[in-house]
Amino acid sequence: MSTLTTKSGIKYRPSLEGVPVRSVAPSSAAKWITTGLLLLALVYFLFPVYWVIIASSKSNPELVGSSGVWFASGFDGIVQGFADNYRRLMSWTHGMFWRWVLNSLVYSTVAGVIGTLISVMAGYGLAKFRFPGKNVAMGVIMGGLLLPVALLTIPMYIVFQHLGLTNTMAAIIIPSCVSPFGVFLGRVYAQSSVPTELIEAARIDGASEARIFFTMVLRLLAPAMVTIFLFIFVATWNNFLLPLMMVSSQEIKPVTLGLYGMMSYYNPEKGAVMMGALLGVVPLIILFLGLQKYWQSGLAAGSVKG
């Protein structure tokens, strides 16, 4: 078996004898197939947003009497259509639309922050501590991933009704703070990103477990925490069934429930509803773009070990 020696004296074997060197670069066919699939995925995810923008400029007759993939009039008509639908949106919601958006922002932010902290604490404990029933606890958490949220909504409503918390903001925030998937991600990230030797060294120096967690572990898990926060934030923002069961007051409705109320009217202004859906998704877009580099690195955490 032949070897080569570099100028620095390091020996390496370029390939097996009798076997040609194979490039690690993908073939041209693989590149074209991958590019085509990514373009299809791009169209699949962006086309609904594009259609909502188009529909937000149209009235009810224009929605059925014009092309579904293009505007119904020229530039001036488009601007006028957006303005008319915004006025209809404010009129139909009695000026409550932005209050609903603010409510959704409060629900999602508070649930995201608290749920992320709970998920990381639980995941860190499952990854780095030994205690009786650890495997049982992990099995219960994994089982929670298999339960649909709709199945738990009615039991939660009964519990909150007996506690007197229905039709309050807590009825939405408290259930949204619990995320079995977030605990699972926190455990995976803690196993791969938090060295056991670092924890043991801190314990030898006399640091308490709380100090180790809040001053060291949280910094190491920061990218993972952004990923978990986004998962909880989006899930809370898009949640519909839980607010439908828990909330009846107009002042504390989230935007999803408010738009549903608009569609329940006789002959609703669908263009105005589309305008509300478009404005309601803008905070999510801003959040994802602002935290892009953090959640991308968080998704990659633990993918390479060594």
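This is a predicted model: local features need pLDDT of at least 70, side-chain atom pairs count only at pLDDT 80 or more; totals for chains, interfaces and linings use all residues.

Let me begin with the largest pocket, which has a volume of about 770 Å³. Its lining comprises 24 residues, and those nearest the centre are V149, V178, S179, P180 and A235. Which helix gives the most to this lining? That is α11, with seven residues. Other helices that supply at least two residues each include α5, α6 and α8. By class, the lining holds 18 nonpolar and six polar residues, with no charged ones.

The second largest pocket contains about 620 Å³ of space. Of its 21 lining residues, F45, V49, V281, L284 and I285 lie nearest the centre. Here α14 gives the most, with ten residues, and α11 is among the helices supplying at least two. This lining has 17 nonpolar residues, four polar and no charged.

Turning to the record, an unreviewed UniProt entry annotates several stretches as "transmembrane region", among them 170–190 and 211–237. In the model, residues 170–190 are 86% helix and 0% strand, with the end C-alpha atoms 30 Å apart.

Finally, consider N85, in helix α3. Is N85 buried or exposed? N85 counts as buried, because its relative accessibility is 0%. Its side chain reaches the backbone oxygen of S56 at 2.4 Å. Beyond its neighbours within four places in sequence, N85 is in contact with residues including K58, G271 and M275.

Terms used. Residues are numbered from 1 along each chain as its sequence is written. Side-chain values use heavy atoms; hydrogens and water are left out. Helices (H or I, at least four residues) and strands (E, at least two) are DSSP runs, numbered from the N terminus. Buried means under 20% relative accessible area, exposed over 50%, partly exposed in between (1.4 Å probe, protein chains only). A polar contact is a pair of N or O atoms within 3.5 Å; within protein, one must be able to donate a hydrogen and the other to accept it, and residues adjacent in sequence count only if both atoms are side-chain atoms. Contact means heavy atoms within 4.5 Å. UniProt positions are given in the numbering used here, feature names are shortened, and annotations may be inferred rather than shown by experiment. On a 1 Å grid over the protein atoms alone, a cavity is a set of points where a 1.4 Å probe fits but cannot get out, and a pocket is an open set with protein on both sides within 12 Å along at least five of seven lines; lining residues have an atom within 4 Å of a point. Grid points are joined across faces, edges and corners, and a volume is the space filled by probe spheres set on the points. Ala, Val, Leu, Ile, Met, Phe, Trp, Tyr, Cys and Pro count as nonpolar, Asp, Glu, Lys and Arg as charged, and the others, Gly among them, as polar.
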